[in-house]
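Here is a friendly note to read alongside the sequence and the model.

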Amino acid sequence: MDTTVVKRFHEMKKEWGFDQMVLLNTFKNVSNGYLFNDTCAFGVEVFVINHTLNSESLSVFGRKGIKNPIFHWEIKGFSKIKMDDSYYVSEVFNSGGTNWKLIIYPKGCQSRDGKTFSMFLKLSADSNNPDNSTIYAKYCLRVIDQINSKHYEVSELDEWFNSFQGYGSEFMSLEDLHKSSNGYILKDTLIVEVEFFVMSRSKFSVKSMEN
């Protein structure tokens, strides 16, 4: 049986395999030669292809290894904030050795339905992140309930970030955001958070082959 495949192994994907190598009845049929005297043998032949001087390094940090895993953004005078093109940007903050910023759409993101409060996470332009690096993050975006502590969050978000694109989520309807009994806006103050659970940096370097 020819099961030759090409797979790329790295720190975040150390294991590859097959859900079904051969039908169980076929495997147990002794006439096929897979079982002999109730014994079977397994093997793998590995070929390294396209070997170059290029290299990729990956550093991974779990929750305990991330410095400043939570960024708490308190937005006072929420109804009066001045926005650029319908969005509002946080100060630059550092988490896991990388500079980030949060972006919110207080009146809804027009590229979506325009009726939903949206929040996005993005690498900062001054993140000191070279063009050949990407940052992986598993994180949660959260709106704080200042009355009942029943915070609204979107968890299990995970993306590979570069310096050009941000990722996030449509949170809740603008009606729910402004509903006083929900406690999301209190004394014209909104509080949002991002919490990181896993972070890694992948850096790819290309080396020329010189004589």
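This is a predicted model: local features need pLDDT of at least 70, side-chain atom pairs count only at pLDDT 80 or more; totals for chains, interfaces and linings use all residues.

1. Residues are numbered from 1 along each chain as its sequence is written, and side-chain values use heavy atoms, leaving out hydrogens and water.

2. Which residue forms a salt bridge with Arg142, with the closest N and O atoms 2.8 Å apart? One is Glu153, where a salt bridge is a side-chain nitrogen of Lys or Arg within 4 Å of a carboxyl oxygen of Asp or Glu. Glu153 sits in strand 8 and Arg142 in strand 7, 11 residues apart; strands (E, at least two residues) are DSSP runs numbered from the N terminus. Glu153 is partly exposed, at 39% relative accessibility.

3. Glu193 also meets Arg142 in a salt bridge, at 2.8 Å from N to O. Because Glu193 lies in strand 11 and Arg142 in strand 7, this pair ties together parts 51 residues apart in sequence. Both Glu193 and Arg142 are buried. A network of salt bridges links Arg142, Glu153, Glu193 and Glu195, and the count for the model comes to 6 salt bridges.

4. Asp145, in the loop between strand 7 and strand 8, deserves a look too. Asp145 is buried but has no salt bridge, and the nearest side chain of opposite charge, Lys150, is 6.8 Å away (Lys and Arg count as positive, Asp and Glu as negative; His and the chain ends are not counted). The backbone nitrogen of Lys150, however, lies 3.1 Å from a polar atom of the Asp145 side chain.

5. Now for the rings: the model has 12 aromatic pairs. Rings of Phe, Tyr and Trp (its six-membered ring) pair if their centres lie within 6.5 Å; planes under 30 degrees apart are stacked, over 60 edge-to-face, and the rest tilted. Tyr136 and Trp160 have ring centres 5.3 Å apart and planes at 50°, so they make a tilted pair. Tyr136 is in strand 7 (residues 133–143) and Trp160 in strand 8 (residues 152–161).

6. One aromatic cluster is formed by Trp100, Tyr139, Phe161, Tyr167 and Phe196. Of these residues, Tyr139 and Phe196 are both buried.

How values were computed:
Helices (H or I, at least four residues) and strands (E, at least two) are DSSP runs, numbered from the N terminus. Buried means under 20% relative accessible area, exposed over 50%, partly exposed in between (1.4 Å probe, protein chains only). A polar contact is a pair of N or O atoms within 3.5 Å; within protein, one must be able to donate a hydrogen and the other to accept it, and residues adjacent in sequence count only if both atoms are side-chain atoms.
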